[in-house]
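Let me put the thing on the screen and then talk you through it.

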Amino acid sequence: MNEAPVYTKYHPRWYRARVSTYWWSRRWAYLKFILRELSSIFVAYFAILTLLQVRALGGGPEAYARFQAWMKAPILIALNALSLFFVLVHALTWFHLAPKAMAVRMRGRRVPDFLIVLPNYIAWLAASAILAWLLLRR
Amino acid sequence: MAKRSNEPVLWALFSAGGVVAALLIPILLFLYGLAFPLGWLEPPAYHRTLALVSHPLGRLVLFVLCSLSLFHWAHRFRYTLYDGLQIKHLNEVIFFLCYGGAAAGTALAGYMLWTIP
Amino acid sequence: MAETITLEVTRYRPEREREPTFQTYEVPFRKDWVVLDALNYIKDRLDGSLSYRWSCRMGVCGSCGMMVDGEPKLTCATFLSGYMPGPVRVEPLQYFPVVRDLVIEMTDFMVKLKSVKPWIVRQEEKPLSEGEYLQTPDQLDTYKQFSMCINCMLCYAACPVYALDPRFIGPAAIALAQRYNQDSRDQGAEERLDILSQHEGIWACTFVGECTKVCPKNVDPAGAIQQYKLTSTKEWFKSFLMPWRAK
């Protein structure tokens, strides 16, 4: 389909409405969709933040202490809180859309959605617990 | 096959990144972004952190996490720019900026995690 | 005095107007009336010049899709009582060119639908003497959901991707391609892969998910598209790792 859309040859003068640039603000479902997509910005932000932290870590204890102090700036705290919100939006929407993308069939039947969502949550809890244990154990 | 689109690779990277980001980022961002700086919890000491990061497994996990997260962003953000702003005519520029950025970030992550003591 | 409800209906007469306008009609309100009944009342009693499509008035033919208060709906299955006290706005399906009043131009959809070969493709038909192609209930169940599609195009009217890029092959066409791909009697999956794997095929979809929400037949085109992305990716890696198997 690389050519323009096809319409009947002897069509009357039909009217085609232009799509507004703000189409995503006209409907709550569309807005939710755009917010979900924008969560990717905060995922990228986290990757950059992590790379900065790795760089500080490689720079020695003083550099790392400076990084830790920098992370206490109110503006960064606010940004991190906002990012956490969006990252959670991403995680939850991702888990709940998983059964749509995977039609798993077992014994001739489609596995019910919650059986695909549930393992996601279990994996999430397990991964979070392992990371928290690694970082918090004394 | 007629023309091979490279979309499957980009989508595979996007999906893998989506999974990794969903599973790992919330807890890490909570700890390092809020709990540690605000003093709710005690962060691991410098040497322990370094030991964790420079462990082969630590390097691998961080590399995969950073790289795939960036490719996840690249894919979603590219489509958001196309649709949200209706600037599909800047196709090539957006494509280059998004995936180029992710590739550059991947290279940087690889270099930094390779050279960390 | 009997209760009434006001309908704001799109009028577009290309020989007279440059742009669509609204005309309001006052119709009697009855609990068992759907929006289509109100339109038929207008056509019969108030204004015979109103144009719109309808046929079966029982959710099977897929002709009477319109925007009712901004939502894509089958007007034969949308009760007026849900919109009391009104007014209720009736517009042609959005994202399609309007021919007249509530009538949209659908050739684009028809061409796309045909391009995915929504019929059973066989490399070789088996002779009649060997009997029919048998199918187990489980095999039927894999595609049955997608076969419920009535081509009403509500999913296109809900899809911002189709709005922004009319070259997108769209939800219903892809769901119907999947209906045949997953049919155990069909052998056309490879032919469809070429059409569906283009950028304007499945890859343009950003999984907004509205197509599935508005579908009056629970077809789940959004699911079909995401599942096909997985299939297409697997095929890509297969032919990348084993190029001798690709044609």
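I'll go from the overall picture of chain C to one helix pair, and then to the side facing chain A.

Before anything else, keep in mind that this is a predicted model. So, chain C. The C-alpha trace spans about 75 × 40 × 30 Å along its principal axes. There are 247 residues in the chain, and 47% of them count as buried. If you take contacts between residues at least 6 apart in sequence, 65% join residues at least 24 apart.

Now the helix pair. What angle do helix 6 and helix 9 of chain C cross at? It's roughly 65°, with the axes coming within 8 Å. Helix 6 covers residues 171–181, and helix 9 covers 221–241. The crossing is left-handed. On the helix 6 side, the contact uses C:Pro171, C:Ala172, C:Ile174, C:Ala175 and C:Gln178. Helix 9 brings in C:Pro221, C:Ala222, C:Ala224, C:Ile225, C:Gln227 and C:Tyr228. By class, that's nine nonpolar residues, two polar and no charged.

Last bit: the neighbour. Chain C puts 31 residues in contact with 24 residues of chain A. Helix 9 turns up again here, as one of the elements that each supply at least two residues to that side of chain C. The others are strand 6 (98–100), helix 2 (107–115), helix 3 (137–147) and helix 5 (160–164). And the make-up of this side is 16 nonpolar, seven polar and eight charged residues. Right, over to you.

Notes:
Residues are numbered from 1 along each chain as its sequence is written. Chains are lettered from A and ligands numbered from 1 in the order in which they are written. This is a predicted model: local features need pLDDT of at least 70, side-chain atom pairs count only at pLDDT 80 or more; totals for chains, interfaces and linings use all residues. A residue is buried if 20 or more other C-beta atoms lie within 10 Å of its own, exposed if 12 or fewer, and partly exposed in between; C-beta atoms are placed from the backbone. Two residues are in contact if their C-beta atoms, placed from the backbone, lie within 7 Å. Axes are lines fitted to C-alpha atoms, for helices over the stretch in contact, and angles run from 0 to 180 degrees between N-to-C directions. Helices (H or I, at least four residues) and strands (E, at least two) are DSSP runs, numbered from the N terminus. A crossing is left-handed if the near helix is turned anticlockwise from the far one by less than a right angle, and right-handed if clockwise. Ala, Val, Leu, Ile, Met, Phe, Trp, Tyr, Cys and Pro count as nonpolar, Asp, Glu, Lys and Arg as charged, and the others, Gly among them, as polar.
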